[in-house]
Amino acid sequence: MIITVRSDSGAGVRGSDQGITALLDLAVKSGIADRVAKRDCDVAFAEDFSSVYAKNIEQVLYICEVVCLEVCGSLKSGHIPIVISGDHSSATGTIAGIKKAKPESRLGIIWIDAHADLHTPYTSYTGNMHGMTLAAALGLDNIACLLREPDKTTLDFWGRFKRIGGLSEKIRSTDIVYVTLRDLEAQESHLIEKYGIRNFTTQELRDLKVKALGALILEHLKDCTDIYLSFDTDSLEGSLSKGTGLPVDNGIMPKEAEELIGIILKDPKISCFEITELNPGLDINHATTTMVYHILEKALSVFRRK
Ligand SMILES: [Mn+2]
């Protein structure tokens, strides 16, 4: 089942809410998603509170609560949700939804992304919520790296954000795996070192090749009962792919991404897949949209055979 989240309110650069239509238009034209059920998350929310420490937090919280219910409902009806979202803040709702549907699960997370998304309202320079997704899922504040002191209203919303789905600490830090993480700040490095989170670098990918890397990633999560794979478009090599808010060089090549995602999605423990942060307004020559479309095509072909 495809679940769409047409919002960009967690991103610093606007326009990624248009990425969903760009992808689905191609999918409709080619017929690859013809027999796939689709659900649109309600993202319409009259915003009445925003914060410099956590921009649009009230709206992002609302959206994530909707995403949580949709993902949970999809899993409970026997589907594997494919979430296509505008910005990565929605993944806090996705993770909550998986845990809500499967409270006894030990959930592993594969985060293919240039960024760690481990900021909090206490540590973020920008206040962009899509950089706080995993910190929220881990229930972390990271006061040790305090940069700013947010106001009480922001912190009330942050507290609710960490508890979406009625559970804080939805995952164990060691059950997160980064792939091609390469643009991170000191506050995030502190958490990665403190909690021993594994990053499979672009160099390791080149040295080992995709097949061996896929096997290593799955081996790292062997004690997990379920796996959620989240693909951020900015994991792609930034010199080739400009259609995302924060492109970064030294990333994964489109063919490598397709192959790796194909290998991981074949694993029987896969409970959810997410594609996010495609921004067609920034996409010179339509190149990134085409790359991400091929990834969606790959995912649908794997799920069709399941
Ligand atoms: Mn991200």
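Trainee: Where is the place of L260?
Mentor: L260 sits in helix α9, residues 254–265, where helices are DSSP runs of H or I with at least four residues, numbered from the N terminus. This is a predicted model, in which local features need pLDDT of at least 70, side-chain atom pairs count only at pLDDT 80 or more, and totals for chains, interfaces and linings use all residues. Residues are numbered from 1 along each chain as its sequence is written.

Trainee: Is L260 buried or exposed, and why?
Mentor: L260 is buried because 27 other C-beta atoms lie within 10 Å; with C-beta atoms placed from the backbone, 20 or more others within 10 Å make a residue buried, 12 or fewer make it exposed, and anything in between is partly exposed.

Trainee: And which residues does L260 touch, not counting those up to four places away in sequence?
Mentor: L260 touches V210, L213 and G214, contact being defined as C-beta atoms, placed from the backbone, within 7 Å.

Trainee: New topic: what is the phi of T180?
Mentor: T180 has a positive phi of about 65°, although it is not a glycine. Most residues other than glycine have a negative phi.

Trainee: Is T180 buried or exposed?
Mentor: T180 is buried, as 28 other C-beta atoms lie within 10 Å.

Trainee: What about N285, buried or exposed?
Mentor: N285 also has a positive phi, near 60°, and is a residue other than glycine, but N285 is exposed, with 9 other C-beta atoms within 10 Å.

Definitions and conventions. Helices (H or I, at least four residues) and strands (E, at least two) are DSSP runs, numbered from the N terminus. Two residues are in contact if their C-beta atoms, placed from the backbone, lie within 7 Å.
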